[in-house]
Amino acid sequence: MHHPHSTTAILRLRLAALLLVGNCMLALTTAGLLVESVVTNNRRMMTSVPWLLVFVLILVVVQWIAASRASCPLCRTPVLSPKKCAKHRSARVFLGSHRLRVAAAILFRNQFRCPYCNESTAMKVRETPHREQVGKSWTSGLS
């Protein structure tokens, strides 16, 4: 199992995952609101739908920016960006999307499997021997 190099990499992955899941939920809610406003002929609700669509589009752009830096620590491919790269033959989908599966795994399981290299990644910073030695020498000086 692989680990990201730093806490900022973990924060980037979590932020991009949260934006992706939130954007999907907001888009579905906006579509439901549009259908309900047309069925009930509610003019006030119809005027709020275009503003929600603009907000969804803004969130899409923000999510793309955040996801462009959130990458797999092994293959360095942005796992939450809409890439046209070939996926691994064992990559699985959630509701028809590889990105949504990765985002849900990051948020709910605290690990994910890259759809490109099919390697598992835990959402904790990897420990290196150098970090362990620095920590031991610092704590040994306090005793």
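The model is a predicted one, so to speak of local features a pLDDT of at least 70 is needed, side-chain atom pairs count only at pLDDT 80 or more, and totals for chains, interfaces and linings use all residues. Residues are numbered from 1 along each chain as its sequence is written, and side-chain values use heavy atoms, with hydrogens and water left out.

The protein chain has four helices and two strands; here helices (H or I, at least four residues) and strands (E, at least two) are DSSP runs, numbered from the N terminus. Going along the sequence, the order is α-α-α-β-β-α. Of the 143 residues, 32% count as buried, where buried means under 20% relative accessible area, exposed over 50%, and partly exposed in between (1.4 Å probe, protein chains only). The accessible surface comes to about 9,500 Å², and 63% of it belongs to carbon and sulfur atoms; these areas come from the Shrake-Rupley method with a 1.4 Å probe, and for residues only the protein chains shown count as cover. As for contacts (heavy atoms within 4.5 Å), 63% of those between residues at least 6 apart in sequence join residues at least 24 apart.

Helix 2 covers residues 43–68, which makes 26 residues. From first C-alpha to last it reaches 39 Å, close to the 38 Å expected at 1.5 Å a residue; the expected span is 1.5 Å times one less than the number of residues. At the start of this helix, a side-chain oxygen of Asn42 comes to within 3.2 Å of the backbone nitrogen of Arg44. The buried residues of helix 2 are Met45, Val49, Val56, Leu59, Gln63, Ala66 and Ala67, and they pack against helix 1 (7–40) and helix 3 (98–108).

Thr30 sits in helix 1 and is buried, with a relative accessible area of 2%. Setting aside residues up to four places away in sequence, Thr30 touches Val49, Leu52, Leu53 and Val56. Leu13, also found in helix 1, is buried at 0%. Beyond its neighbours within four places in sequence, Leu13 is in contact with residues including Pro4, Ala70, Ile106, Phe112 and Met123.

Over in strand 2 (residues 120–122) there is Thr121, which counts as buried because its relative accessibility is 0%. Leaving out residues up to four places away in sequence, Thr121 touches Met1, His2, His3, Pro4, Pro73, Gln111 and Phe112.

Definitions and conventions: A polar contact is a pair of N or O atoms within 3.5 Å; within protein, one must be able to donate a hydrogen and the other to accept it, and residues adjacent in sequence count only if both atoms are side-chain atoms.
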